[in-house]
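The following paragraphs lead the reader through the structure shown below.

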Amino acid sequence: MTHSGGYIADPRIRAVEWLPWVAAVICYFAAPSYLPLGSYVLIMVIFALSLDLVLGYGGVITLGHSAYFGIGAYTAGILAVRLTGEPLLGLLAGTVAAGLFGLVTGLVILRTRGLALLMLTLAITSLCLEIANKATSWTGGADGLGGFTVQPILGIFKFDMFGKTAYLYCLLVTLACWWLVRRMVYSPFGASLTGVRENNVRMHAVGAPVYLRLVVAYTISAALAGLAGALLTQTTQFVGLKVLGFELSGELMVMLILGGVGRIYGAFVGPLIYLVAQDYLAKQFPEYWYFGIGTMLVLVVMFARGGLLGIVDIAVARVRRWLT
Amino acid sequence: MTAALETRSLCKSFGALTVAEQIDFRLDRGARHALIGPNGAGKTTFINMLTGRLDPTTGQILLGGEDITDLGQSQRVKRGLGRTFQINTLFRNVSVVDNVAFAVAEREGFAWRMFRPASRYREVLDESMALIETLGLAGDARRSVAGLPYGKQRLVEIAIALGLRPRVLLLDEPAAGVPSMESDRILDVLDALPKEIAILIIEHDMDLVFRFAQRITVLTQGAVLAEGTPAEIAANDDVRKVYLGERHG
């Protein structure tokens with residue numbers, strides 16, 4: 001289940017890789033009351049994919065990815081309030097705005113490494129949060145931005161109160177993002193990102209412009225995060241300060257670690273398990289639900305460094321050994 | 001004739017500590033040149049300045065007559081300067097063939113491409129495999145580097161550097177930490193390298209140095225102590241003092 005790319009990796013899509021999509025379609029018919037949760041899971045999958053690209057493949061540790069998610073979310077919201085509620089245009093605007101911000105910030109912060117980089121990413125998301133908090137005429141401040149209408153997709157598919165259109169919309173966008181990220185991971189660009197993560201010094205010594213390559217990866221990742229944010233705004237028709245919070249970045253990191261970093265599908269499994277567990281635990285133990293999530297994370301970090309998919313890998317390898 | 005690589009009055013200081021002092025060095029085209037000296041002589045610092053990992057305080061570095069002093073690492077590599085590291089600096093968790101392919105793809109300018117799968121770049125894969133075969137690693141091509149014996153990892157270091165098709169190759173202790181049986185294998189590999197590549201080797205294994213090099217430069221305390229043929233260096237009293245101590249001079 002690892003997807004490291006490289007020059008001897010088989011890029012063809014394996015049957016098991018269709019599993020999440022089949023499951024997503026089944027959910028649409030089998031669990032109609034959970035479609036809003038399903039949409040949120042899909043949005044977080046895109047967001048986690050964006051983080052996986054820089055963290056899992058590029059080795060850039062960031063706790064400020066919510067800045068790009070939030071910029072995408074607010075861009076789509078402000079566009080809907082002030083200009084047009086056309087969803088694809090909003091999606092594009094959110095993606096471009098977050099991508100540009102990712103480019104500008106990436107050019108600055110990727111000159112640093114380690115703890116300094118981590119602190120800078122935190123600083124960026126904190127600054128964005130404070131700006132959004134103060135710019136009330138644009139963002140609604142602490143009250144959030146709402147009261148806008150998102151038009152039917154392609155002028156045909158109206159957003160309904162049960163979240164059916166929103167779910168299918170999210171599913172299609174997630175499918176497109178997965179295809180894009182997967183393509184990138186298996187490309188020479190993805191291979192070179194793996195090289196940067198594996199050994200930065202050696203990448204310099206083979207003549208790779210490491211800094212520029214990371215800036216490009218970071219920009220793409222920020223754009224994807226912005227797209228996820230815009231999607232959230234459109235499907236909930238509201239955007240609040242939470243989308244820029246550090247907590248969201250932290251949650252995203254936890255989701256990815258839970259699923260497995262640098263594996264593409266860790267970005268699917270992590271948000272799914274985290275959000276479903278959160279939903280269930282919050283209902284059963286409203287005050288202690290985070291205890292369950294924390295326990296799960298501790299167990300994964302201690303016993304399964306490759307995340308839940310790492311456990312699957314080990315299990316599959318053992319079964320294969322046993323069979324032979 | 002223009003030297004393949006040349007330094008003029010190269011100096012490096014860290015505050016009051018001078019680690020390279022007025023180094024004038026010349027590596028001829030196709031040369032087999034060794035740089036020796038006791039621990040702390042500044043050999044790796046010198047290599048790091050040549051490759052751009054360290055900026056010299058003063059002085060000039062010329063590659064094929066072109067001043068590369070202000071160029072970054074990647075630009076120097078693009079101009080034909082390859083290196084290996086004293087301590088293995090490999091992509092440990094990827095296959096041997098990928099280790100080499102990363103270098104070949106960078107050289108060919110493919111590494112920016114984002115949509116066509118890497119495995120479809122047959123030319124990269126074929127060249128990497130050919131290099132691996134040349135170095136006797138064909139059987140390990142698909143193995144992760146982390147699982148290889150140390151001697152083979154040293155060969156992967158060389159394979160990566162060759163993947164860049166360098167005009168000048170800097171080998172920083174290629175036989176360091178390798179059992180003597182395997183260091184013979186490394187010497188065989190070095191002997192078989194294309195004659196047009198100028199090679200500068202840093203090495204403590206004197207047997208390997210004297211079998212490989214046509215010229216030797218001795219560095220002590222960041223300065224050139226002596227330079228000459230292996231016979232001249234072997235007969236040099238100053239060099240013997242450095243290596244064996246004052247009483248043996």
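The model is predicted. In chain B, 46% of the 249 residues count as buried. A residue is placed in that class if 20 or more other C-beta atoms lie within 10 Å of its own.

The architecture of chain B comprises 9 helices and 10 strands. Its radius of gyration is 19 Å, close to the 18 Å that the globule rule gives for 249 residues, so chain B is as compact as a globular protein of that length. The C-alpha trace of chain B spans about 60 × 40 × 35 Å along its principal axes. Among the contacts in chain B with a separation of 6 or more, 66% are accounted for by residues 24 or more positions apart.

Attention now turns to the two chains together. Chain A places 28 residues in contact with 38 residues of chain B. On the side of chain A that touches chain B, helices H7 (164-185), H8 (188-198) and H9 (200-205) of chain A each supply at least two residues. The largest share, 7 residues, comes from H8(A).

Helix H12 (residues 266-284) and helix H14 (residues 307-323) of chain A pack at an angle of about 115°, and their axes are 8 Å apart. Gly266(A), Val269(A), Gly270(A) and Ile273(A) in H12(A) meet Gly307(A), Leu308(A) and Leu309(A) in H14(A). The residues of this contact comprise 4 nonpolar, 3 polar and no charged.

Conventions:
Residues numbered from 1 in each chain as written. Chains lettered and ligands numbered in written order. Predicted model: local features only at pLDDT ≥ 70, side-chain atom pairs only at ≥ 80, totals over all residues. Axes fitted to C-alpha atoms, helices over the stretch in contact; angles between N-to-C directions. Helix = DSSP H or I, 4+ residues; strand = E, 2+ residues; numbered from the N terminus. Contact = placed C-beta atoms within 7 Å. Nonpolar A, V, L, I, M, F, W, Y, C, P; charged D, E, K, R; others polar. Rg over C-alpha atoms; globule rule 2.2 N^0.38 Å. Buried ≥ 20, exposed ≤ 12 C-beta atoms within 10 Å, placed from the backbone.
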